[in-house]
Amino acid sequence: MMDPECSRLLPALCAALADPRQPLADDTCLEKLLDWFKTVAEAESSLLLLQENPALVELLSHVLKSQDVSARVLSFSLRLAGMFAAQEDCFLYLQQGELLRGLFGEGGPLCWAAWSVPTVRSGWIQGLRSLAQHTSALHFLVNSGAVDTVLSLQGDPSLFVASAASQLLVHTLALSMQDGATGCSSLWGGMWPACAQKIVGHVEESLQSTVAPQVMQALNILTSTFGRYHRPWTEVLWGQLCPLVARLLERNPIPAAHSLVDLLLSVARCPALSSSHSSLWEAVAQALRCVSPMQAGPLALGMLKLLHCPQALRAQAFGVLLQPLACVVKATGQAPRPSGWLDGAEGSSLTVDALLSSKSACVGILCQTLAQLEELQPLPQRPAPWPQEPLQDAAVTILQLCHSSAAPSSSDGGRFCATLMGCVRVQRAALDFLGTLSQETRSQELEKQVFAVLLEYLGSPDSSPTVLKKAFQTTLRWLLSSPRTPGCPNLSPRPLLFLRELFPVLQKRLCSPGWEVRDSALEFLTQLSRHWGGQADFRQALLASEVPMLTQQLLQDPESYVRASAVTAAGQLSSRGLQAASDSPEHPQAQQGLLGELLCILSTDSEGFPRRAVVQVFTEWLRDGHADVAQDTEWFVATVLQAVSRDLDWEVRVQGLELAQEFLAQRLGRPCCPYAVDLPEAASATQVTEVLQTLCRLQLFDFAFRALLDCDRPVAQKACDLLLFLRDKTTVCSGLREAGDIPDSASGQVTLQRWWAGEQGQLPGDLQPETTLAFLRSIDLEGLQARLAQSSDHAEKSPQSLLQDMLATVGVLGENEADCY
């Protein structure tokens, strides 16, 4: 039921919308209004809604009689009428007054000046799409001439209108087939229902057109039809239209080739079509031979993803996918390539000259091919055997060509080198693909080639920051997947040798003038230390370099992103005992150590990123029992919380609460898993009392209670979670529960708010354990948690608020009635 207050406001709003002299609500308000009407209509009868609110029908009638309404209001009214007419009884009700024929028929807005506005044409189509849900609507579409208008709108200059028209035709075709009683046997004889026949006939005519846009419109209708509807009639439709589609492949040039590929993929994925449908596979095979490489790639990949694709077609598709790489390898090859590498690509329509026709074409085809092979590699239905080593070799060759480190022996190889030299797009695509190939088994020789080209990229001053970042990521993937000697935790000889060669390069990158490079190097170092910081060979190689010292120096970097990454990297190195040894003990930073330096950053750094990184590192240190933290954990927690509580960055405060919760979990136990078989023992009353005394000393309650009323909702939510955890963990203290006068929930909330606002000097009991615990239990944390879970504009998003705001825009409401926010 519609809210009574909304029903009261609705007539005034409808009158304002119908009045062209009134200032209009913006499109966002009208969209929200439609969403609300849709929600109300779905919850109850649309007919009842109109009968109880006649102002809505009056608005539609006024729009139909008066052609001076704005285009936005006209579009809104068309969509509103279609939405109500989606229910058949309401459709018949509106049809009695000729409202629907007036709004959507040939004598309505189609003849008005407003029809020239794309918004009106779009609203007209969307209204029809909404009402086309039942038999009465289908008859209306045919008899009113709406189908003919929709067919013509496929060529609308507005892409939004043209796309909406195409989708409406697809929906109408499916509705016609759902309504028709004709069986598939009759369909094979061409006996389609009248509305369906009209659309299918239009598609047949368009497929035979010599105008490419008209062909594309027909192909788009079919693509959406086969992609959305999987009924037996779709197989009949394909059987009827397949010869026309096949004839398109015989034209030169092929019209709308991209749309044709989309159609073939949509038909191949349609479950309604038999997997042995030979006409489909013949069309796909012909398309793979005829379309351009940029269009053949997606079609080939789509076929290889199918489980029911014929084996011969899979082989052809994989050959098409390998063609660009085969051209590169063939043009630049000096040593004999692995047998079978070019077999699948022989007889290819793609030649070196075609690939090198322009730089943009070469780059586009290679990037697409590498991305498609990267997508195919992890799939279980990928071709077998998978040519791992040839693909690896091809990726390395492309990277060498881009870096001018290849020495091609032919003129074609030289042309490739000149075309690809310094191309960032191809470099990034090849590095991504090479990283994916790291998951497969490989020979030591090829692994050596990969590490060599990666080291070349990491060390070259010509590598752009984005390429360098990709090179670091690919290097990490190859190191992580490197085979290890059974029973030996250390790195194998080849990766270890590579790391020893890498650390001098990493030193240079940490001193790079580009901040992005320094940042990527620090992120890479953090990952290396996290995975191998405990291995003796890695530790020895790292400590023999200047990397730890440079990392500590970057804590003072002028760029905040770099300082944040340096904090993370230094924290990880320190956790592993890999921090730099200072050569100058008299230096102030050497005396205070890394802990002191990070505390200084937390208190004084002007940017939020480094401060957030510091709190994250401190939380990890607390969780892992870092030596500097274990010396005096209470002092550490108190010092960090004192700095965090004053921080203006809400993310720093949230992370401070996470550190506080980690401290609580260590003292009181982790949250219980509801599915655990053996629940941990609850802390005793004595333990809880001692912990509460500690929390009071550390002023953790002060921090948590202030955060509970924080203006930033994530902070308040985290504080609520922390206090709920603490309250649940202290339920064992029944003795403490009786201590002092326990305020009720309402007074507890008031006291907290007065204290937070500074109207009360301190919380009850000077934050002593007994009174603090009693006060904690007096706060309705569950209620607060529920309120915090609501969106910040939940009140303003109400329908009543929307109507009030729209009426306030036109001055209908008094000054104090509008819900302005």
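Modeller: T694 is in contact (heavy atoms within 4.5 Å) with E634, F663 and R667, leaving aside its neighbours within four places in sequence. This is a predicted model, in which local features need pLDDT of at least 70, side-chain atom pairs count only at pLDDT 80 or more, and totals for chains, interfaces and linings use all residues. Residues are numbered from 1 along each chain as its sequence is written, and side-chain values use heavy atoms, with hydrogens and water left out.

T694 sits in helix α37, residues 685–697; helices here are DSSP runs of H or I with at least four residues, numbered from the N terminus. Its relative accessibility is 7%, so T694 counts as buried (buried is under 20% relative accessible area, exposed over 50%, partly exposed in between, with a 1.4 Å probe and protein chains only). Q699, in the loop between α37 and α38 (700–708), is exposed at 53%. Q699 is not a glycine, yet has a positive phi of about 60 degrees.

S404 also has a positive phi of about 60 degrees and is not a glycine. S404 belongs to the loop between α22 and α23 and, at 34% relative accessibility, counts as partly exposed. Most residues other than glycine have a negative phi, and most peptide bonds are trans. Cis peptide bonds, with omega about 0 degrees, join N252 to P253 and A384 to P385. P253 is in the loop between α15 (232–248) and α16 (257–269), whereas P385 is in the loop between α21 and α22.

The buried residues of α21 include C362, V363, G364, Q368 and L376. Among the elements covering the buried residues of α21 are α18 (293–305), α19, α22 (388–402) and α24 (424–437).

Not counting residues up to four places away in sequence, M303 touches L265, A268, W281, V284, C309, L313, R314 and A317.

Conventions. Helices (H or I, at least four residues) and strands (E, at least two) are DSSP runs, numbered from the N terminus.
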